[in-house]
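Welcome, and thanks for taking a look at this chain. Below is a short tour, grouped by topic, to read alongside the picture.

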Amino acid sequence: MRNTPYFPGWNVVAGSGVGIAFGSLPFFAAGFALLAGAMAKDFGWSQPEVAKAASIFLLLQMVAYPFCGWLLDRWGSRRFAITSIALFAASVLVLSRIDGSLLQFYLAFALIGIVSAGTNVVSYARAVALWFNRKRGLALGIAASGQALGSFVIPILAHRLISTHGWSFALVAMAAFELVICLPLVALLVKDSPKPFGLLPDGASSAQAPGASAPADDGKTVGEIVRTAVFWKLAICFAVMGMSFYAIAPNIVYILTKKAGMSLADVATVQAASGIAVLFGRIGFGYLLDRVHAPFVGIVALALTSICAMTYATTSIPALIIVAAVLSGLAIGGDTDLMPYLASRYFGTAAVSRIFGWFLFAFFLGAAIGPVAFAQLSATFGGSDIPLMLLAALQIIPALLFISIGRYRTGPAEASGLTAAASS
């Protein structure tokens, strides 16, 4: 069979990567501290007052994800993504115009949280899943790795713009970048499906393979899917993964300064190592997903999280702590690849956005619980050692759930695609 010289599905991956790189999560994770710090300095706000905006944003992003999935399965990735980018830019402009009122600050972040969830991975997973079958894991991993790129670029640019022109100008520049650069690239490159181009997933054409068909779905509605044991097992797995990562990440300064006696500069080095590892984790785990049964890949990610927690709990050696941070970064890269991949493999592509949206809801629900629970346990036990060991042991639960969910449940074309991938 003659192959297409260049498969346009990789354009979809590139466009998705651009959209994800400068979506609301990199903006928040990498830019919030700088922007909020500058605004707090200008308006005399306290750290707890500023932190409330972060909680509002995360809560509303979590609530928005299931609705994003519902809209995506009706509008398609391209239309929903460009609409989300435009609304995100508008909401950032609103934030740039506040005049010192904390209420306005909170309402602006509430607006950003509601309208910008669609600027993240959830918007692009459906398109990538429809364009790729045998290389779906790698394609999702490359697209999602854009978030690591954005997390590197955004704080550098934000710091420079805030230092030279102020936080309001920096926000206007961010909004302009979304509208002038990101939106056109996403609109140009992201296409919802290969069918209008006479192609099947992975680049085969209908003419080249007249008996072939696109990957089949299992025929279940979303309502039927959410009543299955597999759905709830996966949701619990992702809730534990979200709780585990966010139990450590916001408390890392406390853990490393109290336990290992590290300075803030040392902690920054550890965080940088973890951030770089996220990029390799997303691509590496995406590659593995196309070659290893995905639940087993999930168990590997859980093992890395467990080793990381145990290392933090039992050593103060800087080199080992950096290794643990790298393992944590690799693990969270695997966690984010697994959600859309498992949603498409177990429940098909027809409702993948809605199922992925619910998995994200579970992940961020766990993320909301993790920091508070870890801090409370640390206060109860007089340090972080026991909470870290409990966190390491907790990974056994999702590991057992991954083992119990069995084979993929999508149609025969999916199975044949997996067989081809395994033999290639």
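This is a predicted model: local features need pLDDT of at least 70, side-chain atom pairs count only at pLDDT 80 or more; totals for chains, interfaces and linings use all residues.

The chain averages a pLDDT of 85, and 91% of the residues score at least 70.

- Helix H1 covers residues 9-21.
- Several residues of H1 are buried, among them Gly9, Val12, Val13, Gly15 and Ile20.
- What do the buried residues of H1 pack against? Their partners are helix H2 (24-43), helix H6 (121-131), helix H7 (136-144), helix H8 (146-165) and helix H9 (167-189).

- Ala170 lies in helix H9. With a relative accessible area of 6%, Ala170 counts as buried, because the cut-off for that word is under 20%.
- Leaving out residues up to four places away in sequence, Ala170 touches Leu35, Leu161 and Ile162.
- Ala170 and Leu35 are 135 residues apart in sequence, yet their C-alpha atoms are 8.4 Å apart in space.

**Salt bridges**

- Side chains of opposite charge can pair when their charged atoms come close. How many salt bridges does the structure hold? There are 3.
- Asp73 pairs with Arg126, with the closest N and O atoms 3.2 Å apart. This pair links distant parts of the chain, as Asp73 sits in helix H3 (residues 47-75) and Arg126 in helix H6, 53 residues apart.
- Are Asp73 and Arg126 buried or exposed? Both are buried, and Asp73 has a relative accessible area of 14%.
- Arg354 also forms a salt bridge with Asp73, and here the closest N and O atoms are 2.8 Å apart. Arg354 belongs to helix H16 (residues 352-381) and Asp73 to helix H3, so to speak two distant parts of the chain, 281 residues apart.
- Arg354 has a relative accessible area of 19% and is therefore buried, the limit being under 20%.
- Arg134 and Asp202 make a salt bridge whose closest N and O atoms are 3.6 Å apart. Arg134 is in the loop between H6 and H7, while Asp202 is in the loop between H9 and helix H10 (222-225), 68 residues apart.
- Arg134 is partly exposed, at 38% relative accessible area.
- Through shared partners, salt bridges join Asp73, Arg126 and Arg354 into one network.

**A nonpolar patch on the surface**

- Ile142, Ile276, Leu279, Phe280 and Ile283 form a nonpolar patch on the surface, and together they have about 430 Å² of accessible area.
- Which element gives the largest share of the nonpolar patch? Helix H13 (residues 264-289) does, with 4 residues.
- Phe280 is in helix H13. Why does Phe280 count as exposed? Its relative accessibility is 56%, and exposed means over 50%.

Notes. Residues are numbered from 1 along each chain as its sequence is written. Side-chain values use heavy atoms; hydrogens and water are left out. Patches are made of residues with over 30% relative accessible area and no salt bridge: like charges are joined within 9 Å, nonpolar side chains (Val, Leu, Ile, Met, Phe, Trp, Tyr) within 5 Å. Accessible areas come from the Shrake-Rupley method with a 1.4 Å probe; for residues, only the protein chains shown count as cover. A salt bridge is a side-chain nitrogen of Lys or Arg within 4 Å of a carboxyl oxygen of Asp or Glu. Buried means under 20% relative accessible area, exposed over 50%, partly exposed in between (1.4 Å probe, protein chains only). pLDDT is the predictor's confidence in each residue, from 0 to 100. The expected span of a helix is 1.5 Å times one less than its number of residues. Contact means heavy atoms within 4.5 Å.
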